[in-house]
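Colleague: I have some questions about the labels used for this model. Can you take me through them?

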Amino acid sequence: NMLKRLVIILTIVYMNLAFAERLNENTPHSVAVNVMESTLLSLKTLQEQNKNSLSNIENLVLSKLMPNVDISFATKIMLRDRWDDLSSKQRTMFVDYITRSIVQDYVGLLNSYENLDDLSIQIEDDSTINGNKASVKLHIAINKNNYQSFITLKMVKLNRWYIYDAVFPGISILMHYQKSFDSIIKRKGMDGLIATVNNNII
């Protein structure tokens, strides 16, 4: 009886640990590392097969990266209170525009990576979680530290953790578009921004 009880207890402990491990897969840190690792390893495969054309890199971004990015959340932040005044059609237009623009931003970034050997991605100590928001700073080293970069992924938890901004040293993608929108609004008003975005989509 004692042995049976011990086996049952150990089984419950193992199941609880396994369940906790599965839950841990959806921490912002693990999502951030998995997304970057999966994207860069897929890029490495394209390079090894000599198939790293811009169109193939774009397909990679669309399949590996964008499903983990919440463009609607990011667009709301870019437009601030002005988002509430937009019609459903206009909101869709802005989200489509930002999606296309950010895809091209990431294509350009990934196209700049060469010889992805000895890839190492580490989480920096100053990464933070605050409620349903997180800021995960990653240290990316390639080719035995011959190339090093830092990227901070700003994340939000909805049904799971999503990326809504990528920050490189001194450059936030979200802030870049927010400042660009603000500049157009200052010169042409909100109607001018809507017209500009609409012309870039058509």
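Modeller: Start with Ala134, which is buried at a relative accessible area of 6%. This is a predicted model: local features need pLDDT of at least 70, side-chain atom pairs count only at pLDDT 80 or more, and totals for chains, interfaces and linings use all residues. Residues are numbered from 1 along each chain as its sequence is written, and side-chain values use heavy atoms, leaving out hydrogens and water.

Colleague: Why is Ala134 called buried?

Modeller: Buried means under 20% relative accessible area (exposed is over 50%, partly exposed in between; 1.4 Å probe, protein chains only). Ala134 has 6%, so Ala134 is buried.

Colleague: What does Ala134 touch?

Modeller: Contact means heavy atoms within 4.5 Å. Not counting residues up to four places away in sequence, Ala134 touches Pro28, Thr128, Ile129, Leu153, Lys154, Met155 and Trp161. The C-alpha atoms of Ala134 and Trp161 are separated by 8.8 Å, at 27 residues apart along the chain.

Colleague: Why are α4 and α5 called roughly perpendicular?

Modeller: Helix α4 (residues 71–79) and helix α5 (residues 88–111) pack at about 105°, with axes 9 Å apart. Roughly perpendicular covers 65 to 115 degrees. The pair therefore counts as roughly perpendicular.

Colleague: Which residues of α4 and α5 meet?

Modeller: Ile71, Ser72, Thr75, Met78 and Leu79 in α4 meet Phe94, Val95, Ile98, Thr99 and Ile102 in α5.

Colleague: How do you know that the span of α2 agrees with its 21 residues?

Modeller: The expected span is 1.5 Å times one less than the number of residues. For α2 (residues 28–48) that should be 30 Å, and the end C-alpha atoms are 30 Å apart, so the two agree.

Terms used
Axes are lines fitted to C-alpha atoms, for helices over the stretch in contact, and angles run from 0 to 180 degrees between N-to-C directions. Helices (H or I, at least four residues) and strands (E, at least two) are DSSP runs, numbered from the N terminus. Angles under 35 degrees count as roughly parallel, over 145 as roughly antiparallel, 65 to 115 as roughly perpendicular and the rest as oblique.
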